[in-house]
Amino acid sequence: MSKLRILYAATEINPFLQTTQVSEFLRMLPQGMQERGMEIRIFVPRFGLINERKNRLHEVVRLSGINIAVGEEEKPLIIKVASIPNAKLQVYFIDNEDYFHRKSVLVDKDNKFHTDNDERAIFFCKGVLETVKKLGWSPDIVHCNDWMTGLIPMYLKTTYKKDPIFKDAKSIFTVYNNEFDYKFEGDLLEKVKMLDIEDDMLTHLKTADFGGFVKVGMEYADLVSKSHEENFSENINALFKEFCSTKPINQIDSSDENFLDSYYNLYNELAN
């Protein structure tokens, strides 16, 4: 049995929110790893579609109260927690009134993309790492899922590299077929910046789009994986081609009966 500590960061998880296949993947994989002896922490944004009363979310006061900088603004971080029914797993929810209380995920009721989704992603990525620091819990593997988590591998290799909590952490970035064609406005690079991050490290983000966030995740992660979807868009396939010569890219089919064992072995190989 492996005693590795695995931190999962993702956009959603079943049963709290289900809009893409990320939610099912995150429901299956952490439980499978916990059953194999690994210690698990799961972080997702507390999007406003999540019913707090029904899902029994409650604030963790000792973890809340940190301010997260997004550009020149600082926003208060609220941490909530809930248990997954029929599983011994807790989920930590990153919350902030400005970013996550609207009753939608990435688009509004008129199907318009929220113009501050970039800031929401930045807040989420920074919030996850700051909360884990406050927990005093050192992950061996940080498994990031979907574009919204794409900055975490970079932050681990820069701002948090010397932090005792993260100094030995390896990261995986899983790409999903959740592309959008919106371009963010404003100075994205300035918002993303933290200590030890220079402009040339953010070149990919100059496109200010889905591809920029994904490329940053792919560049700085120790390992890149594809979700098991067969039909990625042409743009996403082009990203895989761009990085395949410099980065190991794995694809483990979640319909395979050995799916969980394959991830168990992958985590152990990466950590050692």
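A: One begins with axes, which are lines fitted to C-alpha atoms, for helices over the stretch in contact, with angles running from 0 to 180 degrees between N-to-C directions. Helices (H or I, at least four residues) and strands (E, at least two) are DSSP runs, numbered from the N terminus. This is a predicted model, in which local features need pLDDT of at least 70 and side-chain atom pairs count only at pLDDT 80 or more, while totals for chains, interfaces and linings use all residues. Residues are numbered from 1 along each chain as its sequence is written, and side-chain values use heavy atoms, without hydrogens and water.

Q: At what angle do the axes of helix H7 and helix H8 cross?

A: The axes of H7 (residues 210–220) and H8 (residues 234–243) cross at roughly 30 degrees and come within 11 Å. Angles under 35 degrees count as roughly parallel, over 145 as roughly antiparallel, 65 to 115 as roughly perpendicular and the rest as oblique. H7 is therefore roughly parallel to H8.

Q: Which residues of H7 meet H8?

A: Contact means heavy atoms within 4.5 Å. Phe210, Gly211, Val214, Lys215, Met218 and Glu219 of H7 meet H8 residues Ile236, Leu239, Phe240, Glu242 and Phe243.

Q: Is Ser64 buried or exposed?

A: Buried means under 20% relative accessible area, exposed over 50%, and partly exposed in between (1.4 Å probe, protein chains only). Ser64 has 9% relative accessibility and so counts as buried. Ser64 lies in the loop between strand S3 (58–59) and strand S4 (67–70).
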